[in-house]
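Reader: Could you go through this structure with me, one piece at a time? I am new to reading models like this.

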Amino acid sequence: MTTYITTPIYYVNAQPHLGHAYSTIVADTYARFKRLCGEDVWFQTGTDEHGDKIAEAAEKKGVPPREYADDISALFRQSWKHLKISNDRFIRSTDVDHVAAVQKILQDVYDKGDIYFAEYSGLYCTGCERFLTKKELVDGKCPDHQVAPKEITEQNYFFRMSRYQQQLVDHINNNPEFITPERYRNEVLSFLSEPLEDLCISRPTSRLTWGIALPFDKKFVTYVWFDALINYLTGIGYPDGPEFSKYWSVAEHLIAKDILKPHAIYWPTMIMAMGLEPYKKLHVHGFWNVNETKMSKSIGNVVRPQTLVDSYGRDGMRYFLLREMSFGLDASFSDEAIVARINADLANDLGNLFSRSLAMIMKYRNGKVRLLRAGDNENDRQLYEMAEGMLVSYQTYMTGFQFHKALQAIWELVGFANKYIVSNEPWALAKDADKAERLDTVLYNLAETLRVICLVLRPILPESAEKMAEVLQIAGTPCVSDLRAGGRWGALPDGVVVGEAVQLFPRLESVKREEKTSCSGKEKKKKTIQNESETGCITFEEFTKVELRVAEVLAAERVKKSEKLLQLQVMAHEKRTIVAGIAEYYVPEELVGKKILIVANMKPAKIMGIRSQGMLLAAKSRAGDKACLVLTTVDGAVENGSRVA
Ligand code: MSP
């Protein structure tokens with residue numbers, strides 16, 4: 001099986017930022033996932049270097065466009081190196097083979113009669129590098145760039161895009177997975193419900209020289225989109241390279257919603273005019289905002305990948321980006337959000353599972369894991385059924401670009417394994433010589449769960465998974481076909497001696513950049529002092545220490561000899577007993593089945609001889625002159641154990 005995945009080639013008029021990094025990390029994750037499945041993968045990214053935008057930016061800087069493009073393209077290349085992106089080719093639209101491919105295609109399409117010469121007047125937006133239709137304007141301006149487009153009349157070459165409109169509509173209708181998520185497919189179909197205009201594909205050299213010369217008329221250069229899209233063919237050796245025949249039929253493009261039209265309309269019609277089969281899939285994601293605001297240079301809130309790596313590490317950054325954005329929808333970046341996610345999910349949930357399990361294997365068995373294959377109980381079966389279920393849904397989600405769901409599925413297993421430790425109490429088993437086999441089984445199950453988790457995390461958190469693999473003694477396993485070979489329960493061999501746990505994710509202490517981007521040094525100082533004097537306020541860091549979770553009441557009864565207390569059994573991320581002073585307000589029976597909120601990380605306390613492991617949240621008020629108390633409940637659709645943030 002083969003996979004070909006691409007990112008957009010990025011304009012070199014701006015330095016790499018969070019948005020570019022996201023697309024590149026998504027494509028990298030997908031490429032790594034497919035390699036893990038044993039597939040032969042070609043992963044391509046690069047830079048888009050011709051056109052008005054770049055020429056203008058170079059002129060502003062007072063350097064020739066080529067020099068300017070060289071510098072910024074190098075920045076992208078370095079950035080992706082720094083992020084350890086596993087691309088097979090970094091293509092530049094100024095590469096010699098690309099220029100040759102564009103010219104060949106132009107000549108072929110011209111010879112075929114699909115390119116013609118005509119005069120045209122239109123509204124041109126330099127930001128978009130294309131003519132806009134009146135319908136696309138909002139208050140006379142380009143909605144993406146907030147500038148009024150220039151009215152331009154000139155003679156140019158046109159691509160007969162309209163000729164392929166029906167063929168494209170049919171293709172989209174017959175291939176529901178051609179453009180996903182569905183909202184973008186619908187957007188394209190709705191656009192195609194109106195007659196399509198032909199596409200202006202040239203610029204006169206009197207206006208622009210920074211582009212690929214038209215092979216049939218040297219007084220014109222190629223319109224940048226007609227040039228750039230072709231990179232997806234050049235990169236794999238179109239028309240006769242061996243890679244081309246291997247990968248073209250499986251091409252999958254990844255873009256954000258801003259460049260849907262060129263990819264979903266210009267590109268497939270161009271491909272049809274070339275007489276090729278359209279690409280296989282177009283995956284479209286939403287936009288990253290920063291603190292709920294559009295990222296922009298003028299606002300000064302542009303987030304650089306380098307800063308993220310320095311503050312949060314490569315894997316911390318990857319985890320957040322993939323977990324936080326529902327693919328297809330917009331998401332918001334903030335330092336608070338990334339710190340909270342890293343601390344809760346990585347340092348706490350996964351980090352603790354890893355270190356606790358390995359510490360116990362080391363302490364009780366000197367690191368040796370035994371596979372006894374005897375006496376599985378219901379709890380063991382739940383654990384490995386869950387692991388196997390996760391392996392199946394993980395593959396479906398990863399193939400469908402549902403990365404946040406893949407991560408949710410993995411973290412359900414992480415949570416369950418943490419519960420498994422609590423309910424099996426290995427520390428108690430270790431005290432009883434008769435329970436030695438049971439202890440071995442519990443420890444094996446934990447090590448095996450970690451192996452499975454490590455396996456599925458390889459494409460997502462490559463560095464941390466590598467560290468886990470080394471400790472678990474599975475590091476040498478080749479990646480190829482690992483998922484098939486290792487994607488079932490019980491592959492960790494009997495007798496493996498695991499190493500000491502290493503810290504995977506240090507807890508992050510503070511939220512960093514917000515102040516840096518939103519106010520100057522002086523203001524920042526003032527702000528800090530003011531914050532310090534705001535007594536009664538807690539910091540974000542303090543708030544994140546409180547672990548609020550959804551819990552379902554399984555059973556409730558009065559505490560003997562107490563008028564005020566009820567003893568509840570609840571199911572949050574694990575089963576808990578909680579003693580609460582609510583007997584005056586609730587009869588036990590009416591509580592059963594309610595989904596309430598608890599503070600899950602309260603230090604356990606003995607109340608009337610019962611160990612209480614948490615606190616309930618409730619609102620106290622008055623009904624008339626009577627005090628009343630109402631438990632905070634949540635909608636039944638929420639899963640038990642969900643964190644409340
Ligand atoms: N050069 C064209 C693409 C040609 S592809 C044949 C271009 N370049 S770009 O530098 O503007 O990159 C646009 C792409 O960068 C988006 O489609 C997306 O992949 C990524 N992002 C840029 N800003 C983004 C966000 N704020 N959020 C998410 N991704 C965004 O268009």
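Reader: Which residue in S6 is the bridge partner of Ile115?

Author: The bridge partner of Ile115 in S6 is Phe159. Strand S4 (residues 115-125) and strand S6 (residues 150-159) pair in the antiparallel sense over ten bridges, where strands are DSSP runs of E with at least two residues, numbered from the N terminus, and two strands pair if DSSP finds at least two bridges between them. Before we go on, please keep in mind that this is a predicted model, in which local features need pLDDT of at least 70 and side-chain atom pairs count only at pLDDT 80 or more, while totals for chains, interfaces and linings use all residues. Residues are numbered from 1 along each chain as its sequence is written, and side-chain values use heavy atoms, with hydrogens and water left out.

Reader: OK, and what is the mean pLDDT of the chain?

Author: The mean is 91, and 93% of the residues reach 70 or more; pLDDT is the predictor's confidence in each residue, from 0 to 100.

Reader: Where does pLDDT stay under 50?

Author: That happens over residues 512-535, for which the model has 18 contacts beyond four places in sequence, a contact being heavy atoms within 4.5 Å. Where pLDDT is low, the predicted coordinates should not be read in detail.

Reader: Back to strands: what is the order of the open sheet of three strands?

Author: The order is S9-S11-S10, with antiparallel pairing. Strand S9 (202-204) and strand S10 (213-214) are the edge strands, since each pairs on one side only. Between S9 and strand S11 (residues 217-222) there are three bridges, and Pro204 has Phe220 in S11 as its bridge partner.

Reader: Now the ligand: which residues come nearest to the ligand?

Author: Of the 23 residues around the ligand, those coming nearest are Ile9, Ser23, Asp48, Asp258 and Trp288, and a residue counts as near if one of its heavy atoms lies within 4 Å of the molecule.

Reader: Which element gives the most to the shell around the ligand?

Author: S1 does, with four residues.
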